[in-house]
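This report describes selected elements of a predicted model.

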Amino acid sequence: MSLLNWLTKTNVNQIEDSLISTQAILKASSNEAETVSTELNCNTNNSSNNSNESGDNNGNDYPSIWTKEMFVSFLNKYPWIMVKDQKLGCKICVQVQNLATYKTQGIRFAIEWTECSVHTYGASDKDKRQSLRKKIHKHKISECHKRCEQILKAQEENVLPKAVSKGISGKFESTIRVFNTVYSIVKKTRPFTDLPFDIQLQKLNGLDMGHILHSDHAYADIASHIAIEMKAKVTNFIVKNNFKISVLIDEATSVSKNTCLVVCIRASTDVKNETDPITFFLDLLELENTKSETIVLQLLTCLNKHKFSHEYLIQNFICFACDGASNMIGRKAGVGKLLTDKYPDLLVWHCSNHRLELAVDDVVNEVAGINHFKIFFDTLYTLYSSSPKNQYGLKSCAKELDLQFLSIGRILNTRWVASSLRSVKAVWRDYEALYLHFDKCSLDSSRTSKEKATFKGLKHKITSIDFVLNLGLLYDALTELSDLSLELQKRCTKLPDAHNLIRRQILIFESMSEKCNDGFYKEAENSELSLTFKNIELHENNKNKINYKQFYRSLADNLKSRMLNFTSSHVSSSSDTSNKYAEFIQLLEVLNPQRWPLEVDILYEERAIKQLSNIFKINERESVRGFREYIDNKSIIPDNLKPLTQAVNTLVVSTAECERLFSAMNIVHNDIRNTLKVSRVSDLLWIKCVGPPLCEFNANTYVDSWISKVTVDCEKNSFADTGLFVKVAPEEWKPTAVVVVDYPFNSSVAKAVDLNPVPFTTGYHRQWMENINKK
């Protein structure tokens, strides 16, 4: 299931129960933020009230010259009074501490009121009471106290957001249009320079697009802002709900020759009995080198940056998947080994698709005749890919025979087996066109004698019986292998399902080694008897014929040794790793009702449930109780068993998602845009691959967060500014104090109340872009 579908199924009103895809998480996070904010405000008010009642103004701590009734009376009349050791103070002055821009000459804090040291004087109790009344009244009417009250009142009224909102309310809709335009451009993988032209077009269509945020630099910042906000909401939601995660990584070289590491996350949850896991792109990292220590350091830093803390990873990081490179799964100092040193219960998994390719490569090396067939396809690929003339000639022959032209590529090389199947399929279907083209070219007087001899030799090759038999054999085998490879590549494929697919495929190959099925090889055998294939005469040649029994037996044996274990090396099925793998799969099979006996005891396989709970760090007792209930009803997975089933579903089968990301990266980071920094490419990839479609994109959320991170330039952004003159500010630049603003909104009269002045800037510029990229 794609991350988008995973998000779409989320019920926003029941967000605690599920996590599905980007759009739902983004919507849900907004709702949660409002709820959390309300709860925090309530808690703050309650704490404040409690503090007033039982903390500062303790009923037994008031001055001894007052009675309790007198103290309550004064407290009701002057609620800002605080008492400590029978002395008075001012809560308002203590809370403000600094007048900042409210401070003028001659106005200063009364130390005795801020330090709660106001005491009485006089001989009699009457004189002492009168002295306190005078001091309280004098402090109440003092200019310093009045200004502190103004500051707190402005803070309670949330003046700064209201002032900014009022000042830019007329431009809010135009900013939303700009954000939608930027998002559309990123989704279409267009360059930054498209934004000014798209803005101009919308202006010509009569839309108000504002006055700023129209440059390509604004485009880059907005795209990064959207990606960072989306990513934060998704990762925060996963961390908040304590979901188990798996991490997938792969490394490659970008167009700009930088070594990059793509990081993906796999998580699983239950939504309306839908337990499909999700796998999504997290980040793209630039590596200084490909040493395992560097990769581990970069990976853990990346996870920590996205709020996956060390404590969270200890409890919820259950699987790490990678390809078979030595720096990844090396037994002594590979990335997997270094990670298991930090997280001992971590399962290190070598990508099943990569292991499938290794198994096929082993077969090519073991079985005679396959290499000759592979060399022939390499010759065809070179012949037609490097010569438009030959390619056009083959297309003409296919059109003449009313055949669909299919491109011919290499087989059994670095590409996965589905690619090899397409090439074999192309030769099988265009066999007549190939023969006709070879025949014409071998007789073409415009070609050199060497070229004519080449085409004559190719025609002789494809008309041999052994070639047709080998073609049918590989067509059958690659069809089976391609189906298996594509199933393993699916995001929703779970480890128990993948194991069953591999086991079934091994049985199929073992059966095919005993008898020929009714497939393409059978059709080729019939052609051998009639000496014709697709109305073309064949001749006998048994020099390079592949023994189909040996071929299928080799496939079955290599799949068994490569796929049914945790390691990538070519080991025997009786090895220690294979035994551990078999035991682990046996534990997982306990959760599959189809594997249960007909009569199931209520205490069936509780030992296995306890083992799995310990492996995945899940409450053992709750899992056992849930499994008993599951045995009893056999239909719906109980809620207390779901954490265990979700953890099993989170286990990785393939790193195909990383390969998809590299394909997308080559589209985003192409030869024309080769100066993009890796961090920028990461943001663009997130929107392109994980972000919801444009029709489901809600820009309001991101415009709100954009505005909440702005600063206003008090010196330069004067009344002349009629646009949305704001820009994203770093976290440490966020103003923490209130601002009192006169209406209508005029930034030149804004008064900031802060001990440390906030740095201000104006608009967008290249220096800001460079500063952001450096950080």
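## Strand pairing and helix packing

Strand E3 is joined to strand E4 (residues 259–267) by 9 bridges, and the two run antiparallel. Within this pairing, Thr253 lies opposite Thr259 in E4. Both strands belong to an open sheet of 5 strands with mixed pairing, whose order is E5-E4-E3-E6-E7. The edges are taken by strand E5 (278–286) and E7; each has a single partner strand, so one side of each is left without a neighbour in the sheet. From one strand to the next, the twist averages 25°. In a regular strand, side chains alternate between the two faces of the sheet.

A further antiparallel pair is formed by strand E1 (residues 81–84) and strand E2 (residues 87–90), with 4 bridges. Here Val83 stands opposite Leu88 in E2. The hairpin of E1 and E2 has 2 residues between the strands, and Asp85 adopts a positive phi near 55°.

Which residues of helix H15 (residues 335–342) are buried? They are Val335, Gly336 and Leu339. These residues lie on the same side of H15, because they cover an arc of only 95° around the axis. The elements covering the buried residues of H15 include strand E3 (245–253), strand E6 (317–322) and strand E7 (347–350), together with helix H12 (292–305) and helix H14 (326–329). Strands E3, E6 and E7 are also members of the open sheet described above.

Another contact between elements involves helix H27 (residues 606–616) and helix H28 (residues 620–633), whose axes come within 9 Å and cross at roughly 140°. At this angle H27 is oblique to H28. The crossing of the two helices H27 and H28 is right-handed. On the H27 side, Glu606, Ile609, Lys610, Ser613 and Asn614 take part, and they meet Glu620, Ser623, Val624, Phe627 and Arg628 in H28.

Finally, is Ser423 buried or exposed? With a relative accessibility of 4%, Ser423 counts as buried, because the cut-off for that class is under 20%. Ser423 is located in helix H19 (residues 417–429). Leaving aside residues up to four places away in sequence, Ser423 touches Phe377, Ile408, Gly409, Arg410 and Ile411.

Key. Residues numbered from 1 in each chain as written. Predicted model: local features only at pLDDT ≥ 70, side-chain atom pairs only at ≥ 80, totals over all residues. Heavy atoms only, no water. Buried < 20%, exposed > 50% of the residue type's maximum accessible area, 1.4 Å probe, protein only. Contact = heavy atoms within 4.5 Å. Arc of directions from axis to C-beta. Pairing = 2+ DSSP bridges. Axes fitted to C-alpha atoms, helices over the stretch in contact; angles between N-to-C directions. Parallel < 35°, antiparallel > 145°, perpendicular 65-115°, else oblique. Left-handed = near helix turned anticlockwise from the far one by under 90°.
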